Amino acid sequence: MKKALQNKSPGFRLTLVTMLLSIVTICVYIAIYSSTNYMSWGAVGVMIAGLVLTCVLILTRQYRFAPTALLVGDYMGFLFFAHAIYFYISSVITGIQFSGFPLSFYVNIMFFSLTIALCIACVFLRQTPAAETSSKGGK
Amino acid sequence: MKFKAARKTLAVISFLLAGLMATTTVITTENRDSISQTLGQSTIEVIDEGDGSEDTEYYKSDYETVSDLIDAGRSKADQVLEEGAVLLKNEDHALPLAKGDKVSVFGVTAYDSVFGGTGSGTIDAAEAVNFADSLKKAGFEVNPELEKDYTSEDWAQYKRSSEGTFGTTTLLINEAPWDVVEGAAGDSINEYGDAAVFVVGRVGGEGYDLSRKGGDGIDNNDGLGPDYLGLNENELSVLEGLKAKKKAGEISRIIVIYNYAGMLEGDVLQDPEIDAALWVGAVGLGNSATGRLLSGEASPSGRLPDTMWMDNAMNPVNVNFGSWIFDGAEELGVPTALGTGQYPSSTLASYVVYQEGLYLGYRYTETRYEDYVMNRENVGDFNYEDVVAYPFGYGLTYADFELSDVSVEKSGDRDYNVSVTVTNTSDTYSGKYSVPVYVSKPYEDYAKENEIQVPSVELVDFAKTDILAPGESETLTMTLDEKYFASYDSHKAKGYILMDGDYHVIVGGSAHDAVNSLIEAKKAGGAAVDASRMSGEGDASRVVTFHLQYDDQKYAYSDAVSMLDGESKVRVTNLFDFADINLYEGRGDNHVDYYNRDHWDQVSLDQENGHVTLTMTEQMAREEYAQLPAQTGKYGNQTGTPKQYKVSLEKDDVAYPAYEKDAGLKLIDMRYDENGNEISFFDPKWDTFMDQLSYDDTKLLVSNGWHMTEAVFSVGKPMTRDENGPNGFGGWAFSNGYYSNRGLAFRKEVANGHIKNGGYVEGAGPMSNPGVTITDEADPNGYRKMTGFPANGILAATFNKELAHEVGNIIGEDGLWGGMSGLYGIGLNTHRSPYSGRTCEYFSEDGLLAGMMGASESRGIEEKGVHVYNKHCALNDMEKNRHGVTTWVNEQALREIYLRAFELPITKGGAFNTMASFSRFGTQAAAACTALGEDYLRGECGMKGIIVTDAYGDMDGSQNTDPYFEIINGVLSGGSDIPDGSQPKTEGHFDKYEKGYGELAWAMRQAAKRVMYQTAWSNAMCGISTSTRFVSVTPPWQKIVYRLDIFAGILFAIGMCWTLLALIRERKAK
C-alpha cells in the first residue's frame, strides 16, 4: 500500500481519503435514516455508482477524472437526500414539527458537506505526480 | 494554467448550480400550490366575461364597513364575558365596589392576562385589555406603584413560563412572592386599600396537558404531585400577606379572580378572609367587562359549566386521565417506545378507559351525594362539602331573584312546556338570570339489570331572562324534548329507551340545588332521607313529576334525514360496541367495571395505581396495523409493520366512475335549478357534474386539505380557505387582517378603487401578490384582526343560546369579510378532566350544554356562508396522549355526553362539516371509523358536508411518531374525506389505485362530491358568477425559478463545452 502510494501526488492521496469519507458518509446516512421515511436509497445508489466509477477510473489510470466522478456521485447523492428530507426540514422551520433538528441531522449534514468540499478540492488538485504527468506529456 | 483554473471553476460551479436548480425545481413544482398560497401569488386568473350585473354576494353582511363589524365583535366579546363570568363568592356584599374606589391589583396575571389558549386556540390579543386597565376603564383608581413593579423588567422573572418541549411542557406558575410585593409597594397598598384584587392566572393549550408532576404548584399530598391547578407557594404567600393587611385594617376586602379557561381547585376560596371571588375564564377581547362587573355597572349572571372541585384528587376521572401501555403489547410485536418527535407518546400501544361511564363531573358528585343522603347501600363515605367547592350550574348575582309559578306540562307527543316566572326581588341591582332545567330518571330494576347508568340529575334545557330591573319579572318558557329523558340501552334494547317509572323535571339553580330539590320532593313523597347528610336546601315546588311507561320504539329512529340516501330516517342502534371493552369481540379476558350507583365504594381515588389495566389481544394489534400506511411499513422511530399484520387493499372488479365527460357544468350551476330551487345533493345533476372530473382531479381533492380544499378550475371550483379557531378566527393566516384573503373587505376596496390591480386572485393572499397595492384611501381598519372571544367555557357559562347565536354570526361575518369559508372549530370536546390542556377550546363537562350552545353558535356561523368543522369528533379529551390512543368507552356515555356535543350542532344548528379526532374508538381511528363518519354523523345526524382529519402529519408518521392512519383508509371507510395536510405527501397515496380498485374510486368520488357540495354552499362562491372563467397562469415566483433554471443550464452547458473543447485540444496536442 505504502509502495503503491509512493509516487502518487498529494491530490490523489486526498482523493483516496475522500473516497473513504464518502463510504463513511453513506454508512452514516444509512444508519441515521434507513428506518425513517426520509431515507433516499437513490442517494445511496448514486453515491455508490460514483465510487465505483471513481475506482474504475483509477484502475484505468484516468486519475484526473476520478475526483469529478466522485463529486458527481456525492453531490447528486446529497441532492437526492435533500429531496427526501425537505418536507421534514420545512416542517421544522415553519414550526409544524416542534422538536427541532436532532444532533443526527447535523452529523449527517456535516459528513455530506465535508465529503463534497473535499471532492471539490480534489477536482482542483493535481492527481498525478508532476514527473508522471510530464512523462505522459500532460499539462 | 490560468484558463484551466477558470475552466474548472466554471465547470464545478455550474454543475453545482445546475444540480441545485434541478432539485429546487422538482421540489417547488411538487409544492407549487402551497408556495403560491404562502407567497400570495396566483396560479389562476379568474375573468368575468359577463356584464357584471349578476349579484355574486351570496351571503349578505349586516355591516356596512369592516369597522362596524369590528366594533360589534368587540362589543359582543364584552357581553359574553359580562354574562359568562361566574360570581363564586360575595360575602357581605363585598362586591360591587364603588366607582372611584382606590384598589390595589395583585398578581402578574393582572398585568399579563390570559386572553386565550395556545396552539389552535390562539387569538390575536393585540387589542385585548388586561385586568388593571379594565379596572381603570371602569372608573377605579388603580395602585400605580404596583403596576409599575409588576410591569417592570426586573419582575419579568415572576411571569408564567414553561420548560421542556412542546409535548413535554412543564408549566410554571412563578408569581411574585409577598415579601417582594410588599417591599416594593410599601405604603401604597394602604393608600389603595378599598380593595385588594388578586388575579390568579393559568394557561393551557394544544399539545400538552397540565402538570400534575413537576412544575411549581403546591403538592398537597394527594398523589398527584405539584399541582398546576392549585396555588403555588408564592401565590399563597400573597394571599397570606393580604389577609394580614386586612386584619391590620390596611385593606378593606380581598377579591380573588380566577383567570383560566377551566377550573382551578376551589379549596383556597373557602377561606373566610377572602370576601369575593370571580371566575372569568380566558377573557379574549372581552375583558373590559371585568371592570364593569366589579363596579356594578353590570351584574354577573354566569353559571359554572364544570364542577369546581375542592381538590382534584377527589375527582375519580383523574385516575384514568392520561394513557397507559397495554400489557402484552411487546409480545405481540407492537412497539411501546415513545415517539422521538414533539409527541413523546406511544401511538399504537397506548390506551385510556373512560371508566366513569356517564358519571362524569356533576353526574358523579350529585348522584353519589343523593345516594349518600338517601342512605343507599355501598355508597361509601362521601362528604359533599369536602369534594365540591362549587357545583355545575352554580353562580351568584348581585341582585336577588325568585322563581315562581313553576309549571311543566306535557304537550303533544314528546314536548314538555316549561314555564317559570323570574322576579328580581332586590331593590338595587338589575341583572339577568338563567334557569337551567334538569331531569331525574328512574333508577329501577331495568336499569340495574341492563347496566344503564342513571345520574341523579341531568341538564335538559335552559333559558335566560333579559335584564330585569329591581321588582321586574319575566316569564321564561322552554319546550323540553322528551328525547333527553331517554337513556341509551346498549345491552338489551340496543337503542334509546324510556324506562318505566317516575321522571322528575327540576327547574332552576345549580345541579346541586336541583338534587336538593329532588330529595325534598322524594322526601315529601315518603322516601327516607338522612337530613344530617344534606348539604344545602332544596325546594320541592320546583319539581314536577311524570310517570312514563317503558318504550323502546318512540326514539328508535333518528330525527334527522340521513345524508346517506337523502330520504330515510335511520334506525338508532348500537354502533360502537367495538369501543366498549366489555362488548368488543376481540376483548380477550379484559373487562372493565364501570362506575355503578350500587357500588360507589368501589370507585378508586388512587391517582397513582387506580387506573384500569388492560392486555392487548392479537385482534387489537391486527386491527390497528390494518389502518397504518400500507406502502412502506417504515416510518418514524419504529421498524414498521410486523409481517403478520401486513395487509394491503385487495383489488376488485368494480367499474370505475366515469371521468372527463364534459357537460359544460360549473360549480356555480349546482346551487339552484332553472326554477330557483336548491339542487339536492342527491340530484342526478350532481352525477353529471362529477363525471366531468378526471381521476387526477378527484385525487387532488381528496389528497389535500391543509386549511383549505383544493380548486378544480375546469369546473369552476375555487379553493376554499379554512382556518382556526374555536374562539373566533385567529392564527397565522391573517397577517394582513381582513385584507389577508379575497373576502368582502378586499372586494369592497377593489370596487371602491382603493385597491389597485386587485383582480380575482385565486387561493392566495392578494395583499402580497405583486402588483396589488392598497392606497391610503382604503379603510385602515381592514388591517385589524378578527375578534377573539372569551374561551368557550365562558360562552357556555352564559347559559344564553341567543348570545351564542350572535357570537356565531360575528365569527361568520369575520369569515365573510376576511375571505374564509371554513372555520376549524368550534371546539366541542368534553371537559373530562380539569387537567386537559385544551380546555379553552371546549365548552363544558356536560354534552348537552356544549351541544345546545354549539348548535346556536354553529347556526350563526353557517348563516354567513362559513362552514364549521366542529372538532375534534370525538374523544379528544386530552392532549399529550391524544395521538392514536385506544379509547374505551361505553356507548351510553359516548352518545349521551361525548357525541351529543357534536350531534346537536348538526341536527339543530346545521353544522356542515366535522373534524375527526386523533383518537381511536376502541381500535378504530376516528378518521377511519365507518360507524362514526357514515352511520352516525351522516346517517343518524344527517351531516351534509365533509370530514377532515386532524393534522395529518401527526398521523402518517411525518412527525417521527408511529403512524397509525392514512387517508386511503379514511376515504374508503367514509371516516374522513380529506386530510388536514397537503401534497405531495398524501397525493402519492392514491397514485397506485388508478386501476383495479373500483370500490376505492367510488369512495373517492363520493368524498370529492361532498367537497364540491360544501363549497357550492359556502361564501367561497362569492364573486363567482355564471359567466366567470378560470385561466391557469404561471405565478411570478415560478417564472423566476424557470429563469434561474435557464441561467444555470446555459452556464453548465458553457462549462461542459469549454471542458470538452479543452479535452479535444489536449488530445490533438498529444
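Tutor: Gladly, and let's start with a definition: a residue is buried if 20 or more other C-beta atoms lie within 10 Å of its own. Keep in mind that this is a predicted model.

Student: What makes strand β3 of chain B mostly covered?

Tutor: β3(B) covers residues 102-106, and four of its five residues are buried. Those four therefore reach the cut-off of 20 or more other C-beta atoms within 10 Å.

Student: How do you know that β3(B) pairs with strand β4 of chain B?

Tutor: Pairing asks for at least two bridges. β3(B) and β4(B), residues 141-142, are joined by two bridges and run parallel, so the pair qualifies. Here B:Lys102 stands opposite B:Glu141.

Student: And what makes β3(B) and strand β7 of chain B a pair?

Tutor: The same test: at least two bridges are needed. β3(B) and β7(B), residues 195-201, have four bridges in the parallel sense, with B:Val105 partnered by B:Val197.

Student: Why does the radius of gyration of chain B agree with a compact globule?

Tutor: Because a compact globule of 1070 residues would have a radius near 31 Å, and chain B has 31 Å. The C-alpha trace of chain B spans about 115 × 70 × 65 Å along its principal axes.

Student: How many of the residues in each chain count as buried?

Tutor: In chain B, buried residues make up 60% of 1070. In chain A, 34% of the 139 residues count as buried.

Student: What pattern does chain A follow along the sequence?

Tutor: α-α-α-α-α, with five helices and zero strands in chain A.

Methods
Residues numbered from 1 in each chain as written. Chains lettered and ligands numbered in written order. Predicted model: local features only at pLDDT ≥ 70, side-chain atom pairs only at ≥ 80, totals over all residues. Buried ≥ 20, exposed ≤ 12 C-beta atoms within 10 Å, placed from the backbone. Rg over C-alpha atoms; globule rule 2.2 N^0.38 Å.
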